[in-house]
Amino acid sequence: MRVELAQALVDTADGQRAEEILRKCVHCGFCNATCPTYNLLGDELDGPRGRIYLIKGMFESDEVDEHARFHLDRCLTCRNCETTCPSGVEYGELLELGRDYIHRQSPVASLLERILLWVVPFHRRLRFLVRLGRLVRWFAPKSLKRMLQPVRTARVEDDGSEATVTLLQGCAQRAMTPEVNQHIAKLLRARDVTVRFISSEHCCGGLHLHLGRHDQALKHMTQNVNALYSETTTTYVSSASGCGVTVKDYGRLLGTKEAVALADRTQDIAEYLQQFTFERHPNIVRVALHIPCTLQHGQRIHGLIEQILKRTGYELVPVRDSDLCCGSAGSYSLLQPELSERLLDRKLTSLEERAPDVIATANVGCQLHLTSGTSTRVVHWVSLLR
Ligand code: SF4
Ligand code: SF4
């Protein structure tokens with residue numbers, strides 16, 4: 001794709017990187033075929049190719065286009081298009097640049113966005129509001145009600161011992177499904193792995209990044225690196241794929257020696273658990289698996305969870321369109337409730353088609369979002385390992 005950056009952007013790092021990515025696109029449109037919003041809405045501007053043109057237009061004119069903001073806001077950041085693209089266009093990074101550009105030029109934020117950015121990255125605030133919200137959830141709007149589903153909670157201990165593995169807790173997971181890491185810690189300790197939690201762990205910065213607040217995202221990331229990184233820790237493990245995908249990208253985003261090392265030493269829980277064997281839960285056999293976009297398209301981890309679950313004795317039921325997003329997508333379910341709901345319905349229809357015993361997934365956001373629309377039990381997949 002031919003690109004002529006606006007004069008003011010020619011010598012900027014963001015302009016140059018955007019141009020580099022844009023030039024790889026050959027307008028073929030293959031990516032539209034796997035884009036959930038394009039499939040729902042059928043509008044070229046709600047598909048990756050159209051959004052790429054909108055970002056190109058902004059970088060060439062050096063003007064914020066409200067039309068572009070509208071269609072970029074409707075993108076899930078699921079990166080399915082990146083997996084499909086034969087030319088290697090880094091759409092996720094381009095979208096980051098586009099959203100950051102829009103926010104710099106025209107820093108408007110809805111009240112809901114401000115609340116999300118004030119609450120979600122701080123797990124104590126989030127936990128307090130979640131507890132409060134659960135008490136009055138019947139009066140909350142539908143889109144918020146789903147985030148307030150009651151879940152069984154358990155205290156996660158900081159065992160303070162020398163680490164073999166540091167488990168990343170994540171903000172939403174720590175506040176809403178802490179039993180997941182509790183269970184992982186038990187599994188690992190039973191296999192003689194020393195597990196450590198860092199109580200000062202900070203937000204990974206993913207939410208700010210997705211909402212176009214690049215500078216604020218970098219601040220959170222730097223604080224997180226300072227809290228987590230130690231030279232002697234060789235393995236960090238994340239069980240919330242939305243956080244894992246961000247931490248694994250710290251090398252690109254921050255570029256410091258510590259950030260690069262932390263990113264290189266971070267694994268998704270599936271990567272770490274593949275070395276062990278487990279037993280199946282006696283009352284569960286048939287599992288419908290939803291692999292989050294942040295795992296399959298972001299971290300490019302394919303087939304690993306399937307392999308571990310099959311080896312453990314579970315039957316994985318076939319799921320149609322398993323590459324498509326469930327509509328959770330970080331804050332998307334709150335900021336774009338109507339589209340999110342349509343994607344949820346479609347995803348649950350596919351997941352429940354073969355009447356599974358449970359639905360399993362690998363990210364707290366997907367787990368809560370899917371739970372809100374079904375009576376089938378939805379679990380983090382590690383809960384199936386004994
Ligand atoms: S598939 Fe890749 S090269 Fe083709 S239009 Fe989409 S982003 Fe561009
Ligand atoms: S990230 Fe997802 S929703 Fe956004 S353009 Fe790509 S495929 Fe479509």
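Asp14, Arg17, Ala18, Ile21 and Leu22 in helix α1 meet Glu93, Leu94, Leu97 and Asp100 in helix α6, where contact means heavy atoms within 4.5 Å. By class, the residues of this contact are five nonpolar, no polar and four charged; Ala, Val, Leu, Ile, Met, Phe, Trp, Tyr, Cys and Pro count as nonpolar, Asp, Glu, Lys and Arg as charged, and the others, Gly among them, as polar. The model is predicted: local features need pLDDT of at least 70 and side-chain atom pairs count only at pLDDT 80 or more, while totals for chains, interfaces and linings use all residues. Residues are numbered from 1 along each chain as its sequence is written, chains are lettered from A and ligands numbered from 1 in the order in which they are written, and side-chain values use heavy atoms, with hydrogens and water left out.

**Helix packing**

- Helices α1 (residues 13-24) and α6 (residues 91-105) pack at about 140°, their axes 10 Å apart; axes are lines fitted to C-alpha atoms, for helices over the stretch in contact, and angles run from 0 to 180 degrees between N-to-C directions.
- Helices (H or I, at least four residues) and strands (E, at least two) are DSSP runs, numbered from the N terminus.
- The pair α1 and α6 is therefore oblique, given that angles under 35 degrees count as roughly parallel, over 145 as roughly antiparallel, 65 to 115 as roughly perpendicular and the rest as oblique.
- The crossing of α1 and α6 is left-handed, a term used if the near helix is turned anticlockwise from the far one by less than a right angle, with right-handed used if clockwise.
- Helix α3 (residues 48-61) crosses helix α4 (residues 66-73) at roughly 145°, and their axes come within 10 Å.
- On the α3 side the contact is made by Arg51, Leu54, Ile55 and Met58, and on the α4 side by His67, Ala68, His71 and Leu72.
- The contact of α3 with α4 has five nonpolar, two polar and one charged residues.
- α3 passes α4 in a left-handed crossing.

**Cavities**

- There are four cavities of 30 Å³ or more, a cavity being a set of points on a 1 Å grid over the protein atoms alone where a 1.4 Å probe fits but cannot get out, with lining residues having an atom within 4 Å of a point.
- The largest cavity has a volume of about 110 Å³, volume being the space filled by probe spheres set on the grid points, which are joined across faces, edges and corners.
- Its lining has 14 residues, of which Cys25, Cys31, Ile52, Cys85 and Val89 lie nearest the centre.
- That lining divides into ten nonpolar, three polar and one charged residues.
- The second largest cavity, of about 50 Å³, has Arg51, Cys75, Arg79 and Tyr91 among its lining residues.
- The lining of the second largest cavity is made up of seven nonpolar, one polar and two charged residues.

**Single residues**

- Glu19 is in α1 and touches Val3 and Leu5, not counting residues up to four places away in sequence.
- Glu19 and Leu324 are 305 residues apart in sequence and 28 Å apart in space, C-alpha to C-alpha.
- Leu218, in helix α13 (residues 214-228), touches Leu253 and Leu254, again leaving out residues up to four places away in sequence.

Key
On a 1 Å grid over the protein atoms alone, a cavity is a set of points where a 1.4 Å probe fits but cannot get out, and a pocket is an open set with protein on both sides within 12 Å along at least five of seven lines; lining residues have an atom within 4 Å of a point.
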